[in-house]
Amino acid sequence: MWAFLALLSALCLGIYDVLRKYSLKQNAVLPVLLGSTFTSSVMLLPLLILSQTGVISEDAFYYIPAISFHDHLLLVNKAAIVLGSWVFVYYGLRDLPLSIVSPIRATAPIWTLIGALVIFQERPNGIQWLGLVVTLAFFFLFSFAGKREGINFKNNRAVWFVVIGTLIGSCSALYDKFLVREADIPRTAILCYYSFYQFLLVIPLLFIIWYPNRTKQPFRWVSTIPAIGVVIIIADFVYYGAIAAPDALISLISPLRRSNALVAFLMAYFFFHERNMLRKGLCLLGILTGIAIIVMGSI
């Protein structure tokens with residue numbers, strides 16, 4: 001069951017990427033982000049109320065506990081980190097093919113590994129180093145596939161936006177490790193409260209960055225915008241259900257969930273009819289193979 005839930009979470013994340021791409025097509029980024037984060041917050045609010053009123057029991061995996069003021073401050077930091085990652089990725093995703101963005105996003109675990117090496121003084125073993133080299137090698141080859149579409153990785157601002165967003169997202173993964181292990185904040189509390197704070201943080205960005213330039217960056221309502229918020233919450237709760245299973249193998253859940261890059265890649269072909277899919281697909285499989293090797297070295 002936990003493997004099925006991990007794959008279901010990956011499927012949801014793949015759909016999430018497609019919804020984002022469709023919603024951002026020739027559209028303003030920050031209003032789309034505001035709409036999706038608002039939807040996530042609205043979905044989580046009833047769970048918070050039912051948890052605090054005792055309707056949802058404390059042993060339920062979707063129970064959301066009350067936390068301290070200090071913990072709330074820590075989650076404001078997480079919201080700022082995740083929002084920073086999403087802003088960069090959203091801007092890059094708007095201007096790039098999904099089949100370019102997905103492989104870049106798939107490299108996130110190697111940046112998390114490098115960050116763990118620097119911040120937590122972790123020492124990768126030989127198998128993990130091999131996975132790191134394989135991932136970076138195929139990422140380098142992937143840049144040549146991008147050139148065939150006129151996308152120069154060195155000079156393309158949108159590519160760098162996705163890379164920066166992925167790096168910030170890796171920082172978020174490292175921060176999650178601190179929140180869960182050191183601060184001992186329940187995962188459902190992290191998901192709920194940081195979602196609220198993320199929505200609140202988007203509002204000033206909207207008025208500072210987008211509103212003065214709204215005529216140059218017009219916003220159009222798309223029905224898929226709230227669906228973005230719905231799908232990401234479902235993906236996260238299904239993921240929490242997977243890791244809560246008594247027999248779950250956490251080391252395998254992560255790579256199973258990372259297969260969302262493959263799901264998004266395939267959807268890019270069927271829904272957006274993107275080009276050069278064979279070359280890009282081989283590079284993506286190479287990147288995912290490198291990630292799998294890293295995971296094998298962690299077991």
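Modeller: Helices are DSSP runs of H or I with at least four residues, strands are runs of E with at least two, and both are numbered from the N terminus. The model is predicted: local features need pLDDT of at least 70, side-chain atom pairs count only at pLDDT 80 or more, and totals for chains, interfaces and linings use all residues. Residues are numbered from 1 along each chain as its sequence is written, and side-chain values use heavy atoms, with hydrogens and water left out.

Biologist: How many helices and strands are there in the protein?

Modeller: From the N terminus on, the elements run α-α-α-α-α-α-α-α-α-α-α-α. The count is 12 helices and zero strands.

Biologist: What box do the C-alpha atoms fill?

Modeller: The box is taken along the principal axes. Its dimensions are roughly 55 × 55 × 35 Å.

Biologist: What share of the 299 residues counts as buried?

Modeller: Buried means under 20% relative accessible area, exposed over 50%, and partly exposed in between, with a 1.4 Å probe and protein chains only. Of the 299 residues, the buried share is 52%.

Biologist: What share of the contacts with a separation of 6 or more comes from residues 24 or more positions apart?

Modeller: A contact means heavy atoms within 4.5 Å. Among contacts with a separation of 6 or more, residues 24 or more positions apart account for 85%.

Biologist: Is Asp184 buried or exposed?

Modeller: Asp184 sits in the loop between α7 and α8. Most residues other than glycine have a negative phi. Phi of Asp184 is positive, near 55°. At 61% relative accessible area, Asp184 is exposed.

Biologist: What is the phi of Gln26?

Modeller: Gln26 lies in the loop between α1 and α2 (29-52). Gln26 is exposed, with a relative accessible area of 69%. Although Gln26 is not a glycine, its phi is positive, at about 50°.

Biologist: What distance separates the C-alpha atoms of Leu8 and Gln26?

Modeller: Leu8 belongs to helix α1 (residues 2-24). Leu8 is partly exposed, at 27% relative accessible area. Leu8 and Gln26 are 18 residues apart along the chain, and their C-alpha atoms are separated by 30 Å.

Biologist: Are helices α4 and α6 roughly parallel or roughly antiparallel?

Modeller: Axes are lines fitted to C-alpha atoms, for helices over the stretch in contact, and angles run from 0 to 180 degrees between N-to-C directions. The axes of α4 (residues 98-106) and α6 (residues 126-147) come within 11 Å and cross at roughly 170°. Angles under 35 degrees count as roughly parallel, over 145 as roughly antiparallel, 65 to 115 as roughly perpendicular and the rest as oblique. That makes α4 and α6 roughly antiparallel.

Biologist: Which residues of α6 meet α4?

Modeller: From α4 come Ser99, Ile100, Pro103 and Ile104. In α6 they meet Phe139, Phe142 and Gly146.

Biologist: Where is Ser172?

Modeller: Ser172 counts as buried, at 8% relative accessibility. Beyond four places in sequence, Ser172 touches Lys78, Ile81 and Val82. Its place is in helix α7 (residues 157-182).

Biologist: Which residues does Ser195 touch, beyond four places in sequence?

Modeller: Ser195 is in helix α8. At 4% relative accessibility, Ser195 is buried. Its partners are Ser41, Leu44, Ile190 and Ile233.

Biologist: What distance separates the C-alpha atoms of Gly229 and Val42?

Modeller: Gly229 lies in helix α9 (residues 224-244) and is buried at 1% relative accessibility. Outside four places in sequence, Gly229 contacts Ser36, Thr39, Ser40 and Met43. Gly229 and Val42 are 187 residues apart along the chain, and their C-alpha atoms are separated by 9.3 Å.
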